[in-house]
Amino acid sequence: ARPIDGKLRKSGLDTGLAKLPVLYLPGILGTKLYDARSRCNIWGDPKALLFPKLEHASYALKDDHRIIATETLHAFTIIPGLLDTLITQELADVLIATLDYSLDRDLIFVGHDWRRDYREIGVRLDSEMQRLAAVYGEGSKVVIVGQSVSNLAMRYWLRTTSEENRSRIARWYAFGPPWRGSYHAMTMMH
């Protein structure tokens, strides 16, 4: 990222996109899920993954809203001290170190319960776009990054959001979108 940034600055081709706010919508692995009634994580830590409570073993979506998305998983520990996987940590580190982004200021990870209806994610994206317009100005542009299945939510949101929101998108980067279908991720993981 540093050489690319340097070349853009030297060539005069820096279009200003480097410092636009970035909204990142993580995929299935990217957000911790917390059960408020049981007071435990059901997704996002090794204990929940290796020893799930019976009521959480299927990761099925319940009608109640006791499960909440709490924080972005930049890295996921599967077996402490033995097996970790990086989800968004490398991307965040590069943007912070090379382009001077700051988490939650101009690099916003939009955590969401990936089991919920895409319309709920769309409401969250609408509110984030309104918040960014208030901070950066009505005519400001935003870079959107979608990871894996969250790109389906992005595609739905783009079809249903206002023309104003669509016009504020400078770029949309879709990492690993399942445009042609995907495997049932939870079955594969089990």
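User: Helices (H or I, at least four residues) and strands (E, at least two) are DSSP runs, numbered from the N terminus. In this predicted model, which loop holds Asp100?

Analyst: The structure is a predicted model. Helix 3 covers 89-99 and strand 7 covers 107-109. Asp100 is found in the loop between helix 3 and strand 7.

User: Is Asp100 buried or exposed, and what is its phi?

Analyst: Exposed means over 50% relative accessible area. Asp100 has 56% relative accessibility, so it counts as exposed. Most residues other than glycine have a negative phi. Asp100 is not a glycine, yet its phi is positive, at about 65°.

User: Ser148 is not a glycine either. What is its phi, and what is its relative accessible area?

Analyst: Ser148 is found in the loop between strand 8 (142-147) and helix 5. Its phi is positive, about 55°. Ser148 is partly exposed, with a relative accessible area of 29%.

User: At roughly what angle do the axes of helix 4 and helix 5 cross, and is the crossing left-handed or right-handed?

Analyst: Helix 4 spans residues 118-136, and helix 5 spans residues 150-160. Their axes come within 9 Å and cross at roughly 70°. Angles of 65 to 115 degrees count as roughly perpendicular, so helix 4 is roughly perpendicular to helix 5. The crossing of the two helices is right-handed.

User: How do the residues of the contact of helix 4 with helix 5 divide by type, and how many are charged?

Analyst: From helix 4, the residues are Tyr118, Arg119, Ile121, Gly122, Leu125, Asp126 and Met129. They meet Leu152, Ala153, Met154, Tyr156 and Trp157 in helix 5. The contact divides into nine nonpolar, one polar and two charged.

User: Which residue's side chain is joined to that of Asn151 by a polar contact?

Analyst: Asn151 is found in helix 5. It is buried, with a relative accessible area of 0%. Leaving aside neighbours within four places in sequence, its contacts include Gly146, Tyr173, Phe175 and Trp179. The polar contact, 3.2 Å, joins its side chain to that of Trp172.

User: What is the C-alpha to C-alpha distance between Leu83 and Pro46?

Analyst: Leu83 lies in strand 6 (residues 83-86). At 40% relative accessibility, Leu83 counts as partly exposed. Beyond its neighbours within four places in sequence, Leu83 is in contact with Phe76, Thr77 and Ile78. Leu83 and Pro46 are 37 residues apart in sequence, and their C-alpha to C-alpha distance is 9.8 Å.

Notes: Residues numbered from 1 in each chain as written. Predicted model: local features only at pLDDT ≥ 70, side-chain atom pairs only at ≥ 80, totals over all residues. Heavy atoms only, no water. Axes fitted to C-alpha atoms, helices over the stretch in contact; angles between N-to-C directions. Parallel < 35°, antiparallel > 145°, perpendicular 65-115°, else oblique. Left-handed = near helix turned anticlockwise from the far one by under 90°. Contact = heavy atoms within 4.5 Å. Nonpolar A, V, L, I, M, F, W, Y, C, P; charged D, E, K, R; others polar. Buried < 20%, exposed > 50% of the residue type's maximum accessible area, 1.4 Å probe, protein only. Polar contact = N/O pair within 3.5 Å; in protein donor to acceptor, adjacent residues only side chain to side chain.
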